[in-house]
Amino acid sequence: MSLAFATIQELRRRLRAKEVHPRELVEALLDRISSVDPKVKAYNYLHPERALESAQKADISLPLGGVPIAIKDLINVRGEPCTCASRILEGYIAPYDATVIERLRAAGAILLGRTNMDEFAMGSSTENSAWGVTRNPWDLSRVPGGSSGGSAAAVAAHEAIAALGSDTGGSIRQPASFCGCVGLKPTYGRVSRYGLTAFASSLDQIGPLTKTVADAALVLESIAGVDPRDNTCDPTPAPSFSAKLGEEIRGMTLGIPKEYFVSGIDPEVEDATRQAISHLEGLGATLREISLPHTAYSIASYYLVATAEASANLARFDGMRYGRRAKECDDLLETYGRTRDEGFGREVKRRILLGTYALSSGYYDAYYLRAQKVRMRIREDFLAAFRDCQAIVTPTSPTPAFRLGERAEDPLQMYLADIFTIAVNLAGLCAISLPCGFTRSGLPIGLQIIGPMRQEETILQVGYAYEQSTDWHTLRPSLS
Amino acid sequence: MPTLAIDVAYVAELARLRLSPEEIETFGDQLEQVLAYVKKLEEVDVQDVALVGEESGFQNRLRPDRPLPELTQGEALENAPQPAGGLFLVPRILE
């Protein structure tokens, strides 16, 4: 069996026992990539020589020593392109490492390459990329989800042992669910955003995509923690995220929000989620129906907050200091306008317009401020719910992976793909998605476990208990 | 909330985006749809809502005013579309 199929946990054991050399592992992954990536197109950019060189020097005693990891193409890696899947950053070479990259290096990880994504992390399907679409490894006619679709597809297709993604409204969990892998969105502030190209600064969070829950805990342990270069980073030191793995969930109360099981949800997704919830009850958890009454407003609140922040964050792409600059313009305004017209794709333009409008004179109170206040209501719902339960269990996405092109020109339909994940970002909580079944046609279904702020250990504990007593995570796409 | 009918061309100008007439029309329709959807936020009672900064007690984090390692001038210019004499060359803004 190819080494590419292994988990971090297995590899750590085998690398330390000297049964495997990191170089063999990198070679196995490069072989796997050359055989399946022409179909999947998870990667925008690979650097085999650098990966082989780091494998040669890898210190296997480190927590991720010798483990090859793929990085979403909006996290800066010194000396490598960081394009955010946008033409406006074509040719840009990052002059510094993001904090998460410094930490992965310090933990001994080997960086394999950059994964595809929706342009500037805007989208739920990885179809909004200037470098072409990524395909779902379980069904190549379907999307891998987004915006970390390349990272999820790389892990699911065993083209990376793990990957980093970013999650603004569900962009780690929804693609993890579509691709049948594990995706963890940490608490806001848990992981430094220094070196992450900002989309919506009050929502963005970097997190791992992995094959198992234990692997997610290991990667998070390496990247989390205080960073003086990000003032929104939580000043509380990160705990050992693996500490509670294997502890029983007997006696734990899990909240089931009634607003998450409403019409519109795919029946097979609902069935699989309900079975998973019964399974958790079988493991000794107590279930309690809870209510999150402002759920119906989360998408509206999100699209105003996120686009307003995006319109400000993306103002830096003006062709002056880096990236593309339109040629032969007569004056400054024409240079700005043409640079941004040529550089940004449709979804990015659409969101900049919405955000600019929501922040413009006369509309700020009606749109942006109201959306922020509704956001606080959504947060209060969760705070109240967590008085009665330790974690909340829901489907990750209302449907399995949809077909390529199916929602491309219908922004509202596309935005609804994140309906179960968005509220978590608005409230700053942590959540994990893990496989909990398949549709009859063989598409993965994801289970989402939401925890209070700074309770990653709890959701990892629940996820691990579920995973260890089921075998969904062991299935592999055929990719024939 | 205000009535719809967005002046997309004006918003695009604010956002420094040059759009084709076809884009203005498409985006106008789509934005109206999205704005009609977000109108439902009006249903929520938001009186007495404290924004997160007010209720959480989060404070500004300050650090001593000491220089830290930063990009060198050369590194900062590596990605410049038009570097010139150690500076960024930009289109003329004054006659």
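Reply: What follows sets values against definitions. This is a predicted model, where local features need pLDDT of at least 70, side-chain atom pairs count only at pLDDT 80 or more, and totals for chains, interfaces and linings use all residues. Residues are numbered from 1 along each chain as its sequence is written, chains are lettered from A and ligands numbered from 1 in the order in which they are written, and side-chain values use heavy atoms, with hydrogens and water left out.

Me: Why is A:Ala121 called buried?

Reply: Buried means under 20% relative accessible area, exposed over 50%, partly exposed in between (1.4 Å probe, protein chains only). A:Ala121 has 4% relative accessibility, so A:Ala121 counts as buried. A:Ala121 lies in the loop between E3 and H5 of chain A. Its phi is positive, about 65 degrees, although A:Ala121 is not a glycine.

Me: What about A:Lys18, buried or exposed?

Reply: The relative accessible area of A:Lys18 is 68%, so A:Lys18 is exposed. A:Lys18 sits in the loop between helix H1 (8-16) and helix H2 (22-40) of chain A. A:Lys18 too is not a glycine, yet has a positive phi of about 60 degrees.

Me: What makes A:Lys349 and B:Glu23 a salt bridge?

Reply: The rule asks for a side-chain nitrogen of Lys or Arg within 4 Å of a carboxyl oxygen of Asp or Glu. For A:Lys349 and B:Glu23 the N to O distance is 3.0 Å. The pair therefore meets the rule. Across the interface of chain B and chain A, the rule finds three salt bridges.

Me: How much area do chain B and chain A bury between them?

Reply: About 5,100 Å², 67% of it on carbon and sulfur atoms. Buried area is the accessible area (1.4 Å probe) that two parts lose on being put together, summed over both. B:Arg18, B:Arg61 and B:Asn79 supply 14% of the area that chain B buries against chain A, more than any other three residues.

Me: Why are strands E2 and E3 of chain A said to pair?

Reply: Strands (E, at least two residues) are DSSP runs, numbered from the N terminus, as are helices (H or I, at least four). Two strands pair if DSSP finds at least two bridges between them. Strand E2 (residues 68-72) and strand E3 (residues 110-115) of chain A have five bridges, so they pair, in the parallel sense. Within this pairing, A:Lys72 stands opposite A:Thr115.

Me: What joins A:Gly146 and A:Ser147?

Reply: A cis peptide bond, with omega about 0 degrees. A:Ser147 is in the loop between E3 and helix H5 (149-156) of chain A.
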